[in-house]
Amino acid sequence: MSLATALPIQADKDPQALVDPETFEKLALHFAAVQEVTKAYARRAVGQMLLMLKAHADSQHDPDFGRLLPDGRSYRVVPTEPVDAAWHVSLQHTEPYAAACQQIAGDFVHHVPILTEGMADGSSMEYTHQALKATGYYIDPEFWDGEAKSCCPPNPGI
């Protein structure tokens, strides 16, 4: 099942401003090189990945937001496939990724390989869209109109 949610198009703050310019450029240029995409596309993709980190950090402590996993953890902000690609490439470039996490979340944002029921049925995107909108940063619809995508098999046992 897939939930159709209209993405809010905002002309708010640029998500590139979530981190200092040097950190942003390191992440964007690395993504462009690894994915063999234009620098313009890489900047947009990395900006949306940073927005996902911000939405995750902001919503992580809200007990009423989203669904809880069976073990009680609350990983409810999920990437789409193009945002997940930017996240995975950024995780390979640890120094600027760690700097970005510190600037956005105050701590390292780990990647937890998991496939939730919400990701499988598409409902997690509804929660993700709410969290993205709450940040006040620009949501690029090209990166968020898709379904949640897990890079992981169901129930990897962690």
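Reader: What makes up the one aromatic cluster?

Author: Phe31, Tyr41 and Phe143 form it. This is a predicted model: local features need pLDDT of at least 70, side-chain atom pairs count only at pLDDT 80 or more, and totals for chains, interfaces and linings use all residues. Residues are numbered from 1 along each chain as its sequence is written, and side-chain values use heavy atoms, with hydrogens and water left out.

Reader: How many aromatic pairs does the structure hold, and why is the pair of Tyr41 and Phe143 called tilted?

Author: There are three aromatic pairs. The ring centres of Tyr41 and Phe143 are 5.3 Å apart, and their planes meet at 40°. Rings of Phe, Tyr and Trp (its six-membered ring) pair if their centres lie within 6.5 Å; planes under 30 degrees apart are stacked, over 60 edge-to-face, the rest tilted. So 5.3 Å makes a pair, and 40° makes it tilted. This pair links distant parts of the chain: Tyr41 is in helix H2 and Phe143 in helix H7, 102 residues apart. A helix here is a DSSP run (H or I, at least four residues), numbered from the N terminus.

Reader: How do you know whether Tyr41 and Phe143 are buried or exposed?

Author: Compare relative accessible areas (buried under 20%, exposed over 50%, partly exposed in between; 1.4 Å probe, protein chains only). Tyr41 has 25%, so it is partly exposed. Phe143 has 1%, so it is buried.

Reader: What makes the pair of Tyr97 and Phe108 edge-to-face?

Author: The angle between the planes is 80°, and the centres are 5.2 Å apart. Tyr97 is in helix H4, while Phe108 is in the loop between H4 and helix H5, eleven residues along. Tyr97 has a relative accessible area of 0%, so it is buried. Phe108 has 33%, so it is partly exposed.

Reader: How do you know that Lys13 lies over the face of Tyr137?

Author: Lys13 is 4.5 Å from the ring centre of Tyr137. The rule asks for NZ of Lys or CZ of Arg within 6 Å of the ring centre and within 35 degrees of the ring normal. Lys13 counts as lying over that face.

Reader: Why is the contact of Arg44 and Glu142 called a salt bridge?

Author: Its N to O distance is 2.7 Å. A salt bridge needs a side-chain nitrogen of Lys or Arg within 4 Å of a carboxyl oxygen of Asp or Glu, so 2.7 Å qualifies. Arg44 lies in helix H2 and Glu142 in helix H7, so the bridge ties together parts 98 residues apart in sequence. Arg44 is partly exposed, at 32%.

Reader: What makes Lys54 and Asp58 a salt bridge?

Author: Their closest N and O atoms are 3.2 Å apart. Both sit in helix H2, four residues apart, which means about one helical turn. Lys54 is at 19%, so it counts as buried. Asp58 is at 43%, so it is partly exposed.

Reader: Which residues have the most contacts inside the largest nonpolar core?

Author: They are Val46, Met49, Leu50, Leu53, Tyr97 and Trp144, in a core of 34 residues. H2 gives the most to this core, with nine residues. Such a core is a set of buried Ala, Val, Leu, Ile, Met, Phe, Trp, Tyr and Cys residues joined through side-chain atoms within 4.5 Å.

Reader: What does Met49 touch?

Author: Setting aside residues up to four places away in sequence, Met49 touches Val83, Ala86, Trp87, Ser90 and Tyr97. Touching means heavy atoms within 4.5 Å.

Note on methods:
Helices (H or I, at least four residues) and strands (E, at least two) are DSSP runs, numbered from the N terminus.
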